[in-house]
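Here is a briefing on one protein chain. Please keep the sequence and the model side by side while reading.

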Amino acid sequence: STVLLAVVVTILTLLLRCLHVWWKMPPGPWGVPILGYLPFIDSSKPQLTMEKLKAKYGPIFSLSLFQGCTNIFICDQDLIKEAFSLK
């Protein structure tokens, strides 16, 4: 009974940490477990997939690509310059 309680508390703690990180991320599509959004990207013209995601989520969006590796995409030249400027 004590072991079960410890396991449940540990799982809930890990889930809350993941949700906390997720809430701080830019919007983006859900993927599938392990592969992320990779199966939905057009392999012959991946830029078209990115254009569609930009139209839906805006110029900054997050995308999980493989085993939970989340990437942030910035699809606006002015935002890229601002993000990488040394001020």
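Ile41 is buried in this predicted model, with a relative accessibility of 17%. Ile41 sits in the loop between H1 and H2.

- Ile41 counts as buried because its 17% relative accessibility falls under the 20% cut-off.
- Leaving aside neighbours within four places in sequence, Ile41 is in contact with Pro46, Thr49, Met50, Leu63 and Leu65.
- Leu35 is partly exposed, at 37% relative accessibility.
- Beyond its neighbours within four places in sequence, Leu35 is in contact with Ser64, Leu65 and Phe66.
- Leu35 and Cys69 lie 34 residues apart along the chain, yet 9.4 Å separates their C-alpha atoms.
- Ile34 belongs to the loop between helix H1 (2-24) and H2. Ile34 is exposed, with a relative accessible area of 57%.
- The phi of Ile34 is positive, near 70 degrees, and Ile34 is not a glycine. Most residues other than glycine have a negative phi.

**Helix H2**

- Helix H2 covers residues 46-57, 12 residues in all. At 1.5 Å a residue it should span 16 Å, and its end C-alpha atoms are 16 Å apart, so the two values agree.
- Which residues of H2 are buried? They are Thr49, Met50 and Leu53.
- Seen down the axis of H2, the buried residues fall within an arc of 100 degrees, so they line one face of the helix.
- An α-helix has 3.6 residues a turn, so residues three or four places apart point the same way.
- The face of H2 turned away from the buried side carries the exposed residues Glu51, Lys52 and Ala55.
- E1 and E2 are among the parts that cover the buried residues of H2.
- Thr49, in helix H2, is buried with a relative accessible area of 8%.
- Not counting residues up to four places away in sequence, Thr49 touches Tyr37, Phe40, Ile41 and Asp42.
- Gly58 follows H2, and its phi is positive, near 100 degrees.

**Aromatic pairs**

- How many aromatic pairs does the count give? It comes to two.
- Tyr37 and Phe40 form a tilted pair, 5.1 Å centre to centre with 45 degrees between the planes.
- Tyr37 is buried, at a relative accessible area of 16%, whereas Phe40 is partly exposed, at 45%.
- Why is the pair of Phe61 and Phe73 stacked? The ring planes are at 10 degrees, with the centres 5.4 Å apart, so the pair is stacked. The cut-off for stacking is under 30 degrees between the planes.
- The pair of Phe61 and Phe73 links distant parts of the chain, 12 residues apart. Phe61 is in strand E1 (residues 60-66), and Phe73 is in strand E2 (residues 69-74).
- Phe61 is buried, at 0% relative accessibility. Phe73 is partly exposed, with a relative accessible area of 22%.

**The chain as a whole**

- The chain has three helices and two strands. From the N terminus on, the elements run α-α-β-β-α.
- The radius of gyration is 17 Å, well over the 12 Å that the globule rule gives for 87 residues, so the chain is more spread out than a compact globule.
- Along the principal axes, the C-alpha atoms fill a box of roughly 55 × 40 × 20 Å.
- Buried residues make up 13% of the 87 residues of the chain.
- The chain exposes about 7,100 Å², and carbon and sulfur atoms supply 68% of that area.
- Among contacts with a separation of 6 or more, 42% come from residues 24 or more positions apart.

Technical notes. Residues are numbered from 1 along each chain as its sequence is written. This is a predicted model: local features need pLDDT of at least 70, side-chain atom pairs count only at pLDDT 80 or more; totals for chains, interfaces and linings use all residues. Side-chain values use heavy atoms; hydrogens and water are left out. Rings of Phe, Tyr and Trp (its six-membered ring) pair if their centres lie within 6.5 Å; planes under 30 degrees apart count as stacked, over 60 as edge-to-face and the rest as tilted. Buried means under 20% relative accessible area, exposed over 50%, partly exposed in between (1.4 Å probe, protein chains only). Helices (H or I, at least four residues) and strands (E, at least two) are DSSP runs, numbered from the N terminus. The expected span of a helix is 1.5 Å times one less than its number of residues. The arc is that of the directions from the helix axis to the C-beta atoms. Contact means heavy atoms within 4.5 Å. The radius of gyration is taken over C-alpha atoms; the globule rule is 2.2 Å times the number of residues to the power 0.38. Accessible areas come from the Shrake-Rupley method with a 1.4 Å probe; for residues, only the protein chains shown count as cover.
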